[in-house]
Amino acid sequence: MLDVPFWLWAAFAATVVVSLAVDLLAHRSAHVIGFKEAAAWSGLWVGLALVFGAVVFLVLGTTAGTEYTTAWLLEKSLSVDNLFVFAVIFAYFKVPRAYQHRVLFFGVIGALVFRGIFLSLGVAVVSRFTAVLFAFALVLFYSAYKLLKDEEENFDPGKSFAVRMLRKVVPVRDEYAGAKFFVKEAGKRVATPLLAVVAAIEAADLIFAVDSVPAVLAVSDDAFIVYTSNAFAILGLRALYFMLAGLLDRFHYLSKGLAIILAFIGVKLVLQASHKTISSDIPEIPSPISLAVIVVVLAGSVVLSLRRPPPASSERPGPPADPPVGPSAGPPDRDA
């Protein structure tokens, strides 16, 4: 485990809190996020992640800096698939585009909390039971197989556990009420569909954590490296979604590239676990090689996607157009 000075943890926490506060103030009025605005924010988040990575290099050394960069880039690449799910959720609940940033903002806060819990548990388990890395590798191999065979999870936002539990705890009305999560009806406090959308976003992140947590633990088993890299990748998700919302269908080879990355990380986990539990003669894959593989595969997937456009029939869902807000704007009847 790294000997991380307290001030570095404090600097990370302060950066996250201040960034979220600035983001919230900048988007306090609901509006449609355009490409230029999203690109500017995306550049800001990437810049913050890279600056923090440079600090990690200087303070904790080259190995820690390389692991941070690799873990951040890995999480950033895996989170691209979240963007497609965001589009599905927004289309299902017919969320007006002006309210989508508010939903993702609170979704990111929830993701930061839950990822922190899962990663802490993962680090604790790996430190005590190294053999669990073999099980993590199987998860990644299975995920890679599903991506290669186009057998991705059929995520139904309306039937997710989080949304079903929300409806049991508090009544959810059919109509939106601006950017509000709660309103009063007949003297009773009821939720708007916007809160159900946040619950669906959180449920989706829990599903993706099944792949993400084992993958990042293959890069490093240090709590500071795995959480900070995940946090900076998650913080940039909203801006990345609005920037690429109209272009998601063009990167049709990206899922194949992610499958290759997951399979490679699975192999890395097997070698890592074998080195620690079977024989120290079994080689491990160094972090610089992992970083190089991720960069090359991602770049190759994007270039190949742009050079070979997908057929129109295979395009994945893009962002929904603004629907009319009213009685017909609530979640559709899935049984109809």
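Mentor: Residues are numbered from 1 along each chain as its sequence is written, and side-chain values use heavy atoms, with hydrogens and water left out. In this predicted model, local features need pLDDT of at least 70 and side-chain atom pairs count only at pLDDT 80 or more, while totals for chains, interfaces and linings use all residues.

Trainee: What makes a space in this structure a cavity, and how many of 30 Å³ or more are there?

Mentor: A cavity is a set of points, on a 1 Å grid over the protein atoms alone, where a 1.4 Å probe fits but cannot get out, and by this rule there are 2 cavities of 30 Å³ or more.

Trainee: Which residues line the largest cavity, and how do they divide by class?

Mentor: Lining residues have an atom within 4 Å of a point, and among them here are Asn 82, Phe 86, Asp 205 and Arg 238. The lining divides into 7 nonpolar, 2 polar and 2 charged residues, where Ala, Val, Leu, Ile, Met, Phe, Trp, Tyr, Cys and Pro count as nonpolar, Asp, Glu, Lys and Arg as charged, and the others, Gly among them, as polar. Helix 5 (97-128) supplies the largest share, 4 residues; helices are DSSP runs of H or I with at least four residues, strands are runs of E with at least two, and both are numbered from the N terminus.

Trainee: What lines the second largest cavity?

Mentor: Its lining includes Asp 23, Trp 41, Trp 45 and Arg 238, and helix 2 (35-60) gives the most, with 4 residues.

Trainee: Why are Asp 23 and Arg 238 called a salt bridge?

Mentor: A salt bridge needs a side-chain nitrogen of Lys or Arg within 4 Å of a carboxyl oxygen of Asp or Glu, and the closest N and O atoms of Asp 23 and Arg 238 are 2.3 Å apart, so the pair meets the definition. The pair links distant parts of the chain, with Asp 23 in helix 1 (residues 6-26) and Arg 238 in helix 10, 215 residues apart.

Trainee: How do you know whether Asp 23 and Arg 238 are buried or exposed?

Mentor: Buried means under 20% relative accessible area, exposed over 50%, and partly exposed in between, with a 1.4 Å probe and protein chains only. Asp 23 has 2% and is therefore buried, and Arg 238, with 3%, is buried as well.

Trainee: What makes the nonpolar patch a patch?

Mentor: Patches are made of residues with over 30% relative accessible area and no salt bridge, where nonpolar side chains (Val, Leu, Ile, Met, Phe, Trp, Tyr) are joined within 5 Å and like charges within 9 Å. The patch includes Ile 109, Phe 114 and Leu 206, and its residues together have about 560 Å² of accessible area, computed by the Shrake-Rupley method with a 1.4 Å probe, only the protein chains shown counting as cover for residues. Helix 5 gives the most, with 6 residues.

Trainee: Why is Leu 121 called exposed?

Mentor: Leu 121, found in helix 5, has 52% relative accessibility and therefore counts as exposed.

Conventions:
On a 1 Å grid over the protein atoms alone, a cavity is a set of points where a 1.4 Å probe fits but cannot get out, and a pocket is an open set with protein on both sides within 12 Å along at least five of seven lines; lining residues have an atom within 4 Å of a point. Grid points are joined across faces, edges and corners, and a volume is the space filled by probe spheres set on the points.
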